[in-house]
Structure formats: structure tokens, C-alpha cells
Amino acid sequence: DMQSAWERGDQTVFRHLVDQMRTQSPDTYRMMFAERNARWADWIAARLRSPGTVFVAVGAGHLVGRDSILVRLAEHGIESARLN
């Protein structure tokens, strides 16, 4: 189901899982998603100031929700897009 949802671009499944973790285990959510995504976004923003090409791959759970890596990148003024 998760792979099929990902292939369709349906983030509902992933958003549900991440939201469920946030409510059932807020400390785990904070460490695995909120803080990790913030650190990654800081690193990516710093790395993009250097020459060269950068490719970053993350798990699907890091691409959904209010603390997603995409939201954190946008806070740095960095546009991002999903590629299939």
C-alpha cells in the first residue's frame, strides 16, 4: 500500500503515519522528524552555497507534514520538487 501510494504521489498514507507518531510518541517524532529535518535543511542550505551538484535522498516520511524537510527548506528560501 505504501509503495503504491508513493508511486501515485498520494502522501496521505505517509502523513497519517507521521501524524500518528507525533501524537503517540512526541519525543520520538521530535527526534526523528522535527529536529532531524531542521538539521538536514541547515546542512543542505550551507552545502548549496558551495559549488557543485548536490543530490539528497530521504525517506518518504521526511517529505510530509508541518516539520517536513520540504517545509524546512522553504524556510531557507530553497525551492524543492518531487521527482518520479
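Biologist: How far apart are the mean positions of the positive and negative charges of the protein?

Modeller: The mean positions of the 11 positive and 10 negative charges lie 4 Å apart. Lys and Arg are counted as positive and Asp and Glu as negative, while His and the chain ends are not counted, and each charge is placed at NZ of Lys, CZ of Arg, CG of Asp or CD of Glu. This is a predicted model, in which local features need pLDDT of at least 70 and side-chain atom pairs count only at pLDDT 80 or more, whereas totals for chains, interfaces and linings use all residues. Residues are numbered from 1 along each chain as its sequence is written, and side-chain values use heavy atoms, with hydrogens and water left out.

Biologist: How many salt bridges come out of that?

Modeller: The count is 7 salt bridges, where a salt bridge is a side-chain nitrogen of Lys or Arg within 4 Å of a carboxyl oxygen of Asp or Glu. Side chains of opposite charge can pair when their charged atoms come close.

Biologist: Which residue does R72 pair with, and what is the distance?

Modeller: R72 forms a salt bridge with D67, and their closest N and O atoms are 2.5 Å apart.

Biologist: Are R72 and D67 buried or exposed?

Modeller: Both R72 and D67 are buried, a word that stands for under 20% relative accessible area, with exposed meaning over 50% and partly exposed in between (1.4 Å probe, protein chains only). Salt bridges that share partners also join R66, D67, R72 and E75 into one network.

Biologist: What about R30, where is it and which residue does its side chain meet in a salt bridge?

Modeller: R30 is found in helix α3, and its side chain meets that of E35 in a salt bridge, at 2.6 Å from N to O. R30 is partly exposed, with a relative accessible area of 34%, and E35 is partly exposed too, at 32%. Another of these pairs is D10 with R8, at 3.2 Å from N to O; there D10 is partly exposed at 24%, whereas R8 is exposed at 54%.

Biologist: Let's step back, how many helices and strands are there?

Modeller: The protein has 4 helices and 0 strands, and along the sequence the pattern reads α-α-α-α. Helices (H or I, at least four residues) and strands (E, at least two) are DSSP runs, numbered from the N terminus. The C-alpha trace spans about 40 × 30 × 15 Å along its principal axes.

Biologist: And what share of the residues is buried?

Modeller: Buried residues make up 25% of the 84 residues. The accessible surface comes to about 5900 Å², and 53% of it belongs to carbon and sulfur atoms; such areas come from the Shrake-Rupley method with a 1.4 Å probe, and for residues only the protein chains shown count as cover.

Biologist: Which residues make up the largest nonpolar core?

Modeller: That core has 8 residues in all, namely A5, F14, V18, Y29, F33, A34, A60 and V64. A nonpolar core here is a set of buried Ala, Val, Leu, Ile, Met, Phe, Trp, Tyr and Cys residues joined through side-chain atoms within 4.5 Å. The elements that give two or more residues to this core are α2 (12-24) and α3 (26-47), and α3 gives the most, with 3 residues. Apart from this core lies another one of 7 residues, including I44, L63, I69 and L73.

Biologist: What is V64 in contact with?

Modeller: Leaving aside its neighbours within four places in sequence, V64 is in contact with Q11, F14, R15 and V18, where contact means heavy atoms within 4.5 Å.

Biologist: Is N37 buried or exposed, and what is it in contact with?

Modeller: N37, which lies in helix α3, counts as buried at 1% relative accessibility. With neighbours up to four places away set aside, N37 is in contact with H62, D67, S68, I69 and R72. D67 and R72 are also the two partners of the salt bridge at 2.5 Å.

Biologist: Last one, where is Q3, and is it buried or exposed?

Modeller: Q3 is found in helix α1, which covers residues 2-8, and it is exposed, with a relative accessible area of 59%. The C-alpha atoms of Q3 and S80 are separated by 21 Å, and these residues are 77 residues apart along the chain.
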